Amino acid sequence: QLRAQNQVLKKGVVDEQANSASLKEQLKMKDQSLRKLQQEMDSLTFRNQQLAKRVELLQEELSLSETRGKKNKKSAESSSQLSQEQKSVFNEDLQKKIEENERLHILFFEADEQHKRLEAELRTRLEVLEADAAQHQAVVDSLTRKYTDTIEKLQNDKAKLEIKSQTLEREAKDCRLRTEECQQQLKNLQATLGSRLEESLCIINEKVPFNDTRSNRYNALNVPLHNRRYQLKLRDLAGQALSFVQEIVTALLNFHTYTEQKVQIFPIDSATDTISPLNQKFSQYLHENALYVRPLEEGMLHLFESITEDTVTVLETAVKLKAFSEHLASYLCFLRKILPYQLKSLEEECESSLCTAALRARNMELHGDMRRLTAVFEKLHTYVSLLALPSTKAEGLLRTNYNLVFTNIAASLHRCHDILKDISKHYSQKATLEQDLPTATQKLITTNDCILSSILSLATGMGKIASFFSNNLDHFTSSLSYGPKGGTEFISPLSAECMLQFKKKAVAYMKSLKKPCADSVPYEEALANRRVLLSSTESREGLAQQVQQSLEKIAKLEQEKEHWMLEAQLAKIKLEKENQKLKNSLSGQLAETIQERSVLPNAAEQREETTEKSQRETITSTSLVPDIESREDLIKKHYMARIAELTSHLQLADSKSVHFHAECRALAKRLSLAEKSKESLTEELKVASQNISRLQATSLSFSLQDELMTTKRSYEDQLSMMSDHLCSMNETLTKQREEIDTLKMASKGNSKKNKNR
């Protein structure tokens, strides 16, 4: 658009410049014609002057001639004919000159007038053109400035766009590369997903007997995705609703109690006179308010306790909502029961002689407010009972109507709040009028204040719960209507109960599968113990060798055990034979003793027949030889203690030998590692010496030579330290080998002694 406007303006400027140039040329031409006319006028004026001079001369000559004629009449008469002819010639000539002069004067005047008029027109036109030219020039200058600014701006924008285009080109290249990579990844993913899909389809076809999500009847039994955030939010909202309901219940209890107290003292005080039967019945019914109001709090508390983090809370599973609805229905019946008495009580107050016109008007306003309050509670109970239907009847309420029901509940709560505000306003006016009555007592004033405060607290609590319900309407609608994945129809209460049982079983199964992970070794500790692990005494090879040696020793010990078991059985048989011979030899000599102590041999025989144990049991039957028994026991204890001591020494020597062998192997490993590091250091030293020689040959600076010399010295120091360490390790290895040899010799000597014994 700017370029098109620029072209149009350029064309206009060029046309104006051409017009100004043509006007300038016309002005020049007019100036030239004006100059010509001025020259002609000058010539005419000069000619007129000449003619005027000539006329003057002729007049002078005429006057002279007349004077001469007077003098010389005679001569004049003679020459009259000649002068007459000359005069006629002169007169004709003069007449022609006069006419010509007059004509020239007329032409000059007309030319002068025309010139002035043309000059004025040209001047005005010149002024107009100059003004137009100045205006056009200003427009041209402004457009030039504007276009220069626009051009600069466009140039800057062009530079920015070029830079941006370059960056976009680079980004486009990167994006193309990324798209290629993504396409490649997509192909790979499609291939992998295709293979996994085929595997899954094969598994599903082979393992899954049927797809329960296709049937809404079976899908209702599936456990839905557990939304912990919704559950926590819903529990929090239920807690807030419980606090609001508790506040409303307290206000209702106070309102009914103080209303009962008010009926007892106004318009007739029961302490001084009997009240009407209507007020007596009304007071009796009001006295029973706690039986209907308290269950509301209990029902809401049970509903709050049923909403936990682990369960699935929807209208189908909220069975406690039905109990709350029943409690609300009982309270509504209470309101319906006391409403006629309350209205009649207000009418009775209006008929009282103490009631003024203003008080009667306030009572009638309260009369209408109580009717509206009961109607609002009826509507609220209707919608709450609708919400409780899904937990008992499957088709009681469709999910599409959830939002409408919640919206109507919020509207009913707001309506109830407005009615309570009207009741508060009207009752405050009524209390003010009753306070001005001459029969008003302090008890009546206090009761009115208590009733007014209870109504205010009831209105405040109702406003809080109405705002709370309106603010969380969307959350109630969304969180109380989710179910199994893919489920479109309504879940029945029975299927919801089965689903909760399945959920509990699934949670128990997942808890049984959950096991704590074993603690892993920290990375820093593993790095620190790397060198120790390389040369550990409990390495895999060393442990395998120790296990092999232990197995060989166990096999040898088993063989020795079997050998000594056989030797022990032979010795036992020999001992039994010797004892039998000893019994037979002493049986004749000790017959009397055997008869007196027949119980002891019988007991010994029973023990021999039943147990057939070791030497001590057979020796107890021969208690007549205590010295032999004690000597054998002492010898046996001595040899057993000696055998145990030698075996402990042998085991200690074996364990020490194994330990020293493992340490020797570890030291050998360390020695091999040290030799490898020594070889690497010697290679590095060779490389460093070669570098030193090469650098010395190329005449490097002294500082570099000093550095190389220091590195060489450090390498030499490290090699010397390594060599010292290797020497010390060799010495320790030789000492440990000597100790192992001595231990082996000692163990061999002990084993020979044990075998001999």
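Partly exposed means a relative accessible area between the buried limit, under 20%, and the exposed limit, over 50%. Cys 202 falls in that class, with a relative accessible area of 43%. The model is predicted. It holds 15 salt bridges and zero disulfides.

**Cysteines**

- A disulfide is a covalent bond between the sulfur atoms of two cysteines.
- A search of the whole structure turns up zero disulfides.
- The cut-off for a disulfide is a pair of cysteine sulfur atoms within 2.5 Å.
- Cys 175 is partly exposed, at 38% relative accessible area.
- Cys 202 is also partly exposed, at 43%.

- The structure has 15 salt bridges. One of them joins the side chains of Glu 247 and Lys 464, with 3.8 Å from N to O.
- Glu 247 sits in helix H4, residues 228-265, and Lys 464 in helix H10, residues 442-471, so this pair ties together parts that are 217 residues apart in sequence.
- Glu 247 is partly exposed, with a relative accessible area of 26%.
- Lys 464 is partly exposed as well, at 38% relative accessibility.

- Lys 262 and Glu 434 form another salt bridge, and their closest N and O atoms are 3.2 Å apart.
- This pair links distant parts of the chain, with Lys 262 in helix H4 and Glu 434 in helix H9, residues 402-435. The two residues are 172 residues apart.
- Is Lys 262 buried or exposed? Lys 262 is buried, with a relative accessible area of 5%.
- Glu 434 is buried too, at 1% relative accessibility.

- Lys 344 forms a salt bridge with Glu 347, the closest N and O atoms lying 3.9 Å apart.
- Both residues lie in helix H7, residues 320-351. They are three residues apart, about one turn of the helix.
- Lys 344 is partly exposed, with 48% relative accessible area.
- Glu 347 is partly exposed, with 29%.

**Surface patches**

- Which residues gather in a patch of negative charge on the surface? They are Glu 675, Glu 679, Glu 683 and Glu 684.
- One of these, Glu 679, lies in helix H19, residues 626-697.
- A nonpolar surface patch covers about 410 Å². Ile 635, Tyr 639, Met 640 and Ile 643 make it up.
- Ile 635 lies in helix H19.
- Ile 635 is partly exposed, with a relative accessible area of 43%.

**Met 370**

- Met 370 has its place in helix H8, residues 357-388.
- Met 370 counts as buried, at 8% relative accessibility.
- How far apart in space are Met 370 and Leu 339? Their C-alpha atoms are 7.4 Å apart, while the two residues are 31 residues apart in sequence.

**His 287**

- His 287 is found in helix H5, residues 277-287.
- His 287 counts as exposed, at 58% relative accessibility.
- From C-alpha to C-alpha, His 287 and Thr 259 are 9.7 Å apart in space. In sequence they are 28 residues apart.

Notes: Residues are numbered from 1 along each chain as its sequence is written. This is a predicted model: local features need pLDDT of at least 70, side-chain atom pairs count only at pLDDT 80 or more; totals for chains, interfaces and linings use all residues. Side-chain values use heavy atoms; hydrogens and water are left out. Buried means under 20% relative accessible area, exposed over 50%, partly exposed in between (1.4 Å probe, protein chains only). A salt bridge is a side-chain nitrogen of Lys or Arg within 4 Å of a carboxyl oxygen of Asp or Glu. Helices (H or I, at least four residues) and strands (E, at least two) are DSSP runs, numbered from the N terminus. Patches are made of residues with over 30% relative accessible area and no salt bridge: like charges are joined within 9 Å, nonpolar side chains (Val, Leu, Ile, Met, Phe, Trp, Tyr) within 5 Å. Accessible areas come from the Shrake-Rupley method with a 1.4 Å probe; for residues, only the protein chains shown count as cover. Lys and Arg count as positive and Asp and Glu as negative; His and the chain ends are not counted. The place of a charge is taken as NZ of Lys, CZ of Arg, CG of Asp or CD of Glu.
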